[in-house]
Amino acid sequence: MNQHPLIIPFENVIDFPEGFKELHYKIKTYDIIIKPDLACVLHYPNKIYVTGNFDYTITLKFLFYPSYKSQDNTVLITSSHSLRLNAYHSSSDYTVYQAFYPLVSCRNASYIITASFKNKKNSSIKVRGEFYIDILYESIGDIKNGSFEDGFSHWNITSGSSGKYETSKNYKEHYPLEGINFAVLKSCGENSFTGLSQGFSAKKDSILKGYAFFSSGDIPLFDNYAEIILKDLSASEEISLYKASVNSSGNTPWTSFQYQFQKDGSYILEGRVVTLGDPIFESFLGLDNIHLLFNKD
């Protein structure tokens, strides 16, 4: 299959619980969350083989009249599904790329009620749409050591930093998302910060993508935080890609961040963790799997 992107239609029927059949309702929202587990395998001279599977969960939020079983009239129905994928993409000169990544998205999703509550005992809803699988290409010479396998080589310590830096294989129940290491930045000292950065060039429509987590033993009275900022050198502009704090989010799992560039230019990616006030409890920023990607076609 050589088309770009791969298009996979889906259609799932979700049955309602028995107690819904005599109720009036309306759908407030619906969401489709995709969890891909795909890999790109090179088949020379000019093919990329995408293989693996991805799970997806359909969540429907209903408003019922009267309320369901004398409870709140807002009810969630969730249905989980899985797809297997084995397909080819065509490609070209591998010598200028250092990695390939599949990107899964959902488009044109809609739903249809397939039976009336008043007339059928087992009512259901049909959700359908299309999954798009694109391939993102990482050029040689863009973001370097984005998974911190080589320690902090190619990364610069931010001027004024006073904390600690280390790479880890297991930290506070976080594990590497790529390779065997990830970075941990630790704040240290009252009203202090710990940061690192890397400069790079990006082309229009390329995508910067990575993962971060925030962890702190502090309490909401002291709002320690972590953030990731993208600096546009041509416009003296800063774009916030990620921010988490004691007060806003508390400790977080690995969380993805990304940015699609609107123009060619030179940029700096900077991550930092900040202690405000009480220096007793350290706060941490984890970083891993940072890449600059673009759609070849």
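**Close-up views of a predicted all-strand chain**

View 1. Where pLDDT is low, the predicted coordinates should not be read in detail. For the protein chain the mean pLDDT is 81, and 81% of the residues reach 70 or more. The model is predicted, so local features need pLDDT of at least 70 and side-chain atom pairs count only at pLDDT 80 or more, while totals for chains, interfaces and linings use all residues. Residues are numbered from 1 along each chain as its sequence is written, and side-chain values use heavy atoms, with hydrogens and water left out.

**View 2. The strands of the chain.** The protein chain has zero helices and 16 strands; helices (H or I, at least four residues) and strands (E, at least two) are DSSP runs, numbered from the N terminus. Of its 297 residues, 44% count as buried, where buried means under 20% relative accessible area, exposed over 50%, and partly exposed in between (1.4 Å probe, protein chains only). Among contacts between residues at least 6 apart in sequence, 75% join residues at least 24 apart.

View 3. Lysine 26 lies in strand S2 and is partly exposed, because its relative accessible area is 47%. Serine 192, in strand S10, is buried because its relative accessible area is 10%. Leaving out residues up to four places away in sequence, serine 192 touches Ser162, Val273, Val274 and Thr275.

**View 4. The largest nonpolar core around phenylalanine 200.** A nonpolar core is a set of buried Ala, Val, Leu, Ile, Met, Phe, Trp, Tyr and Cys residues joined through side-chain atoms within 4.5 Å. The largest one has 28 residues, and Phe200, Leu208, Leu287 and Ile290 have the most contacts inside it. At least two residues of this core come from each of strands S9 (182–186), S10 (192–202), S11, S12 (225–232), S13 (237–245), S15 (265–275) and S16. Beyond four places in sequence, the contacts of phenylalanine 200 include Ile143, Leu208, Leu230, Phe261 and Leu292. Another core, of 26 residues, lies apart from it and includes Ile48, Val50, Leu85 and Phe131.

**View 5. The largest pocket.** On a 1 Å grid over the protein atoms alone, a cavity is a set of points where a 1.4 Å probe fits but cannot get out, and a pocket is an open set with protein on both sides within 12 Å along at least five of seven lines; lining residues have an atom within 4 Å of a point. The largest pocket holds about 640 Å³ of space. Its lining has 20 residues, and Pro36, Pro102, Leu103, Lys209 and Tyr211 lie nearest its centre. Elements giving two or more residues to this lining include strand S2 (24–43) and strand S5 (97–113).

**View 6. The largest cavity.** The structure holds one cavity of 30 Å³ or more. Residues lining the largest cavity include Trp155, Phe257, Glu270 and Gly271. Strand S15 gives the largest share of this lining, three residues.

Methods:
Points joined across faces, edges and corners; volume = space filled by probe spheres on them. pLDDT = per-residue confidence, 0-100. Contact = heavy atoms within 4.5 Å.
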